[in-house]
Amino acid sequence: MSQHSSWLNETATATAEGGHVRTEDGGLSTALASPLAPHCTGLSPSQLLAAAFASCLHHAAVEAAGEITDEAHTVQVRAEAKLGRDDDGRYRADVSASISSAGLTRQQLADLVEHADRLWPFSTEDASRHHLTVALTDNGRH
C-alpha cells in the first residue's frame, strides 16, 4: 500500500456470505441478490456500489460545505451506479453522482462539487477501473 500523509482512525469491516452482508459493528445487515439464485431478493452489487459512492461523496461534500456555508446539513448526494464487463471479463463501474444543497448560489454549489470531488478517494481524476461523473443538480433539486 502506498504511503499516505494520514489515515483516518476508522477501519471498517464487512462480511458477505450466505446471501447476506453485514458490517462488523452491525450498522448494516442486509440480504444480497445472488447470481446463483436469481429468485432471491436483496441488494445487488450495483445498489451497494451506489450507496457506498453516495455515502463517501456525501461525507466529503458535507466537509467541503462547512467551508462554504453554515447550511452543510442540507447537502444531498444522489449516486447512480452501473456495472459492466470488459472484453477480458473484468467488471468496470460507471458512477454518476449529483450534489445539491439548499441556500447555495449556483457558483457556491459548483465550488462545493469541485471541492468534494477532490476530497474523496474515488475522484473523477482517477479512472483506473471506474468512470465517475460528479455534477451539481439543476436548480439545486433532484
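# Questions on a predicted model

In this predicted model, 50% of the contacts between residues at least 6 apart in sequence join residues at least 24 apart.

Q: What percentage of the residues of the protein count as buried?
A: A residue is counted as buried when its relative accessible area is under 20%. The protein has 142 residues, and the share of them that count as buried is 27%.

Q: In which sense do strand E1 and strand E2 pair, parallel or antiparallel?
A: Strand E1 covers residues 14-17 and strand E2 covers residues 20-23. Ala14 has Thr23 in E2 as its bridge partner. The two strands are joined over four bridges, and the sense of their pairing is antiparallel.

Q: Which residue in the turn between E1 and E2 has a positive phi?
A: E1 and E2 form a hairpin, with two residues between them. A positive phi of about 55° is found in this turn at Gly18.

Q: How many residues lie between E2 and E3 in their hairpin?
A: E2 and strand E3 (residues 29-31) run antiparallel and are joined by three bridges. One of the bridge pairs is His20 with Ala31 in E3. In the turn of this hairpin, Gly26 has a positive phi of about 80°. The number of residues between E2 and E3 is five.

Q: Why are the buried residues of H1 on the same side of the helix?
A: The buried residues of H1 are Ala50, Phe53, Ala54, Leu57, Ala60, Ala61, Ala64 and Ala65. They lie on the same side of H1 because the arc they cover around the axis is only 140°.

Q: Is Ser55 buried, partly exposed or exposed?
A: Ser55 is found in helix H1. Its C-alpha atom is separated by 9.0 Å from that of Ala79, 24 residues apart along the chain. Buried means under 20% and exposed over 50%. The relative accessibility of Ser55 is 48%, so Ser55 counts as partly exposed.

Q: Which element gives the largest share of the largest nonpolar core?
A: The core has 22 residues, and those touching the most other members are Leu57, Ala61, Val75, Val77, Ile99, Leu112 and Ala116. Two or more residues come from each of helix H1 (45-65), strand E4 (76-85), strand E5 (91-100) and helix H2 (106-119). The largest share, eight residues, is given by H1.

Q: Leaving aside its neighbours within four places in sequence, which residues is Val77 in contact with?
A: Val77 is among the core members that touch the most others. Apart from neighbours within four places in sequence, the residues in contact with Val77 are Ala54, Leu57, His58, Ala61, Ser98 and Ile99.

Q: What is the N to O distance in the salt bridge between Glu17 and Arg22?
A: Glu17 is partly exposed, with a relative accessible area of 49%. Arg22 is also partly exposed, at 38% relative accessibility. The side chains of Glu17 and Arg22 meet in a salt bridge, with an N to O distance of 3.6 Å.

Q: How many salt bridges does the count come to?
A: Among them is the pair Arg92 and Asp86, at 3.2 Å from N to O, in which Arg92 is partly exposed at 32%. Another joins Arg90 and Asp88 at 3.0 Å, and Arg90 is partly exposed at 45%. The count of salt bridges comes to four.

Notes: Residues numbered from 1 in each chain as written. Predicted model: local features only at pLDDT ≥ 70, side-chain atom pairs only at ≥ 80, totals over all residues. Heavy atoms only, no water. Core = buried A, V, L, I, M, F, W, Y, C linked by side-chain atoms within 4.5 Å. Buried < 20%, exposed > 50% of the residue type's maximum accessible area, 1.4 Å probe, protein only. Contact = heavy atoms within 4.5 Å. Arc of directions from axis to C-beta. Pairing = 2+ DSSP bridges.
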